[in-house]
Amino acid sequence: MPKIKAILRPVYDWTDKILMVVCKLLLVADVAITTMSVTGRYVSFIPDPAWSEQIVLTLMVYMAVLSATLAIRKRAHIRMTAFDDYMPKKLVKFLDLVSDLAVLALGIIMLVYGIKVCQSPLARFGKYESLPSLSRFWMYLPIPVAGGSMIIFELEQVFLRLEDLFTKEDE
């Protein structure tokens with residue numbers, strides 16, 4: 001097991017860093033487009049493109065789902081821990097594992113059905129209203145992307161929980 005951890009840890013760290021950079025770039029693009037759009041309403045020589053609102057919303061969806069997967073890796077999601085101090089530690093560890101398996105199942109569902117949605121005629125042939133040259137595929141793509149990245153990071157959490165569950169307290 002330690003050899004697998006030594007191999008996988010850098011892969012997970014690398015994936016985490018790439019997703020963080022992508023989220024930062026999406027945020028910069030979001031702020032820049034919003035600034036240009038709002039300023040363009042009041043300053044005559046700055047354009048206020050009609051497509052800005054839909055692109056900003058799409059970028060926000062990408063940021064939300066990708067940052068949510070980063071929170072999985074850091075175990076930063078909101079959790080119910082009110083009763084953890086009153087329950088046996090092994091039971092808490094087991095329930096954490098069940099929780100991670102449920103999130104893993106959600107990631108699989110998002111990946112499978114997200115791919116189906118991205119292949120549907122609505123995604124392939126539908127267009128943004130304000131940007132007719134852009135396919136709606138890009139609007140639906142965050143679903144399978146989030147599912148895939150949730151699977152990647154949740155697998156790490158499941159392995160860590162299993163290791164934690166089956167190791168003795170004194171080790």
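User: Which helix holds Val98?

Analyst: Val98 sits in helix α3, residues 89–119. The model is predicted.

User: Why is Val98 called partly exposed?

Analyst: Its relative accessibility is 39%. Buried requires under 20% and exposed requires over 50%. Val98 falls in between, so the label is partly exposed.

User: What makes up the nonpolar surface patch?

Analyst: Leu91, Phe94, Leu95 and Val98 form it. Together they have about 320 Å² of accessible area. Patch members need over 30% relative accessible area.

User: How many aromatic pairs are counted?

Analyst: The count is 2.

User: Why is the pair of Tyr12 and Phe153 called tilted?

Analyst: The centres are 6.3 Å apart, and pairing requires them within 6.5 Å. The planes are 40 degrees apart. Stacked needs under 30 degrees and edge-to-face over 60, so this pair is tilted.

User: What does the pair of Tyr12 and Phe153 tie together?

Analyst: Tyr12 lies in helix α1 (residues 2–42) and Phe153 in helix α6 (residues 142–166), so the contact joins parts 141 residues apart in sequence. Both Tyr12 and Phe153 are buried.

User: What makes the pair of Phe137 and Trp138 edge-to-face?

Analyst: The ring centres are 5.1 Å apart, within the 6.5 Å limit. The planes stand at 80 degrees, over the 60 cut-off, so the pair is edge-to-face.

User: Are Phe137 and Trp138 buried, partly exposed or exposed?

Analyst: Phe137 has 27% relative accessibility. Trp138 has 41%. Each value lies between 20% and 50%, so Phe137 and Trp138 are partly exposed.

Technical notes. Residues are numbered from 1 along each chain as its sequence is written. This is a predicted model: local features need pLDDT of at least 70, side-chain atom pairs count only at pLDDT 80 or more; totals for chains, interfaces and linings use all residues. Side-chain values use heavy atoms; hydrogens and water are left out. Rings of Phe, Tyr and Trp (its six-membered ring) pair if their centres lie within 6.5 Å; planes under 30 degrees apart count as stacked, over 60 as edge-to-face and the rest as tilted. Helices (H or I, at least four residues) and strands (E, at least two) are DSSP runs, numbered from the N terminus. Buried means under 20% relative accessible area, exposed over 50%, partly exposed in between (1.4 Å probe, protein chains only). Patches are made of residues with over 30% relative accessible area and no salt bridge: like charges are joined within 9 Å, nonpolar side chains (Val, Leu, Ile, Met, Phe, Trp, Tyr) within 5 Å. Accessible areas come from the Shrake-Rupley method with a 1.4 Å probe; for residues, only the protein chains shown count as cover. A salt bridge is a side-chain nitrogen of Lys or Arg within 4 Å of a carboxyl oxygen of Asp or Glu.
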